[in-house]
Amino acid sequence: MTFGVHAPILAIAVPLLGAFALPVFTKLHRSLRDIWAAAVGAFTCAMVITVAVQVFTSGVQVYTLGAASPTASVVQGGFPIRIVLAVDGMSAFMGLISALVGLASLVYSFGFLKEEQGKTLAMTLFFLLWAGMLGMEYTGDMFNFFVFLEVTSIAACSLVGYRTWESAPVEAAFKTMAMYTVGGLLVLLSIGILYGEYGALNIAYLSSKVVGSQLDKIALGLLLGGLLMKAGAVPAHMWAPDAYGEAPAQAAIVLVANTQASLYGLWRVLFTLFVGVLSAPAVGWLVASLGALTILVAVLAAVTQRDLGRLIAYGAVSQIGYMLLGVGVGLAALSSRQDWGLVAMKGGIFHMLNDAATVGLLMLAAGVVRRATGTKDLASLGGLGHDLKWTSGFFLLGVLALAGIPPLNGFASKFLIYESSFRLSPILAAIAVLGSILLLAVFARAFQGAFLGPRLREARPASPAMLAAMGILAAVILAMGLAPGFFVEHLVGPAAEALWRGRDLYLAAVLGG
Amino acid sequence: MTVVVRTVARIIAPMILAFGGYVIMHGHLTPGGGFQGGAVAASALALLAISFGFGRWKGIKAPLSFLEDLGALAFVALGFLGIGYTFFRNVLAASGGLFGAPVPPGPNPGLLETGGTLPLMNWAVGLKVIAGLGSVVLLLGLFGGEDDR
Amino acid sequence: MIGNLPFVVCMILVGLGLWTLLSRRNLIKLAIGITLIESGVNLFLVALGYVERGVAPIYTYAPPRAKMVLPTPQALTLTSIVIGLATTALMLAFAVVIYRHRGTLDARKIRELRG
């Protein structure tokens, strides 16, 4: 299949082309813009799915940019010379998450942005952000990863702050930009250190050469710090509630997927680049305890929130903690190859998909509430269920899934995390369970306050496009809740395996034998 | 600004623009390229904007942002040219066509017609940077101007 | 030891930038602090590629068998300068908009978002 070979780069290049062509089409005609956006979105999703199918059926896919043929070897004279895209199970899985969230955001923005100013700008930035996310997930080159990281930073902050006629979003955008830039520069510094030591930027080549010197440890620390800053884990989480709370809903859900792309970068660094030299139990414990701390701090902060947007934002931050906990436990068990380590990895990675769908659904519902009533202050909301029937249903579904109520998807992934983190340390498991319970209490109160009770004010119903976007995410949540086994076996399992013991395959695919 | 500044700006700005164009055009031969040349040329725009006042340049904001889009589009489109082989493949190099002259072996003073798609990409990037940086300077100046002066 | 001096200078720049970020409250100064960190990192990248007595890495200009400095770090530095330009411009634009809304650049006075 000749066309499928090009799928990884098309998934990145087509949204880029779409972003830059969008203003030109707007100049020609308004409806042309919407048609173009829909076409680009559909094509990108098709490409991502093509990549995923190829990777899950026939293994790691490598694409060498600028070579005579896409599969030409990147190594010439024992040295990698070109930029390469390398998609393994984990990358393909992350691409699917980005595609799902991007699709929902695009559909939602057709309805949501109709009466807002700056729709063309918002859509352009959205496509840039999408391309950047997919680039981060598919690239096999450290510096290329940094470039895409910064593309997402710039696009994300512009998306948070493009509504310059209000002051709060711009303030959130400034804060976010400062954190993102410092995080990105830490990553760049460590890439510089790695380049100075080994003279290459290719992840697979670096991984085959890395020796674990003192400098490597510094580089690992800088990468860990920079990527966690961008992911919004606890010591550096203060930008996240502002950005999630102030960004328009269709942008906020892409921001969530973007933090996950940063987490993916962290997994790639830990499990592919440094796995041969780091002391896995120590780093695993570090990541897992950061995760537990994130859960604890975010959930406790959520209890005091009076704004629906910020409440959901803290919920989103706490979910980052579950992912860190799951994968951290997996890393701690990596060197002894315990079975429960793989279970923890599966839990943490499955939770990424769950988080994207669940938090995305909640944020979209909050966006509908804000559009319907003009406020997100919980004290002045009430009785919205009378007017927003579908939205309140979706919100309830999101709350139940987020808290991990048994038949839904959140339970499936959280149970994997509880079970396996208990094997490492009962305290971690206790924090995770406690976080879940508190989260359920907080969100149940928010749901009851905003949607139940007597009707306080008139609310505008949601438009069909917005309901459709929420419907997509709700359908994914229900599907994952009803058949978690299918998802774990066919999507999450290969992704976790790719990190757990796929390093040699990855190296062989990129470096050739 | 004073008449001295305006006169000097009027003389120097074309030179800066020309130098920017030179840096872009020779990007594949000497240090420099699209971004550097574009930044040089955009500094001419900044000089003009500062010496003649920002208000007078309000009208070129929309054309500049359109130009920026075109530059970015051209860059991605040039990447797509190679899709028969791979994305970003330099299909024009040594093809005999535009910028397609083969490079003779050994040291040479730099041949402008070599480089394939690289000079075209430099121009796309240069266009984008001139327009983008110019409009950034213009917008910042227009924003701040109303309160300060 | 003297060969490590450039790296020391880079780290001093990065440290100064971080200190600026932590100790200053003016939004413009925060942007300056970030630019300082960025300069430090860029300098670090350029210093990595330096080869003693190396010439500029242009194949057609160099005399045969000349030692060249590494071109890759220079390309990296250029890319990171471009990115730095974009982020700085964006932050300054945000600062301008905040100033227009609130009439101040003091980060302590404009904290609408807290908790």
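Start by selecting chains A and C together: their contact draws on 28 residues from chain C and 28 residues from chain A. Here two residues are in contact if their C-beta atoms, placed from the backbone, lie within 7 Å. Keep in mind that this is a predicted model, where local features need pLDDT of at least 70, side-chain atom pairs count only at pLDDT 80 or more, and totals for chains, interfaces and linings use all residues. As for labels, residues are numbered from 1 along each chain as its sequence is written, while chains are lettered from A and ligands numbered from 1 in the order in which they are written.

Now colour helix 2 (27-48) and helix 3 (71-102) of chain C, each of which supplies at least two residues of the side that touches chain A. (Helices are DSSP runs of H or I, at least four residues, and strands are runs of E, at least two, numbered from the N terminus.) Helix 3 of chain C gives the most to that side, with 15 residues. Colour by class and the side of chain C that touches chain A shows 20 nonpolar, five polar and three charged residues. Ala, Val, Leu, Ile, Met, Phe, Trp, Tyr, Cys and Pro count as nonpolar, Asp, Glu, Lys and Arg as charged, and the others, Gly among them, as polar.

Along the principal axes, its C-alpha atoms fill a box of roughly 70 × 60 × 40 Å.

Last stop: select residues 308-332 (helix 13) and 426-451 (helix 17) of chain A, which pack at an angle of about 160° with axes 11 Å apart. The axes are lines fitted to C-alpha atoms over the stretch in contact, and angles run from 0 to 180 degrees between N-to-C directions. Helix 13 and helix 17 of chain A are therefore roughly antiparallel, the term for angles over 145 degrees. Show side chains and look for the contact residues, including Leu311(A) and Tyr322(A) on helix 13 and Leu439(A) and Phe443(A) on helix 17. The residues of this contact divide into 11 nonpolar, three polar and no charged.

Terms used. Angles under 35 degrees count as roughly parallel, over 145 as roughly antiparallel, 65 to 115 as roughly perpendicular and the rest as oblique.
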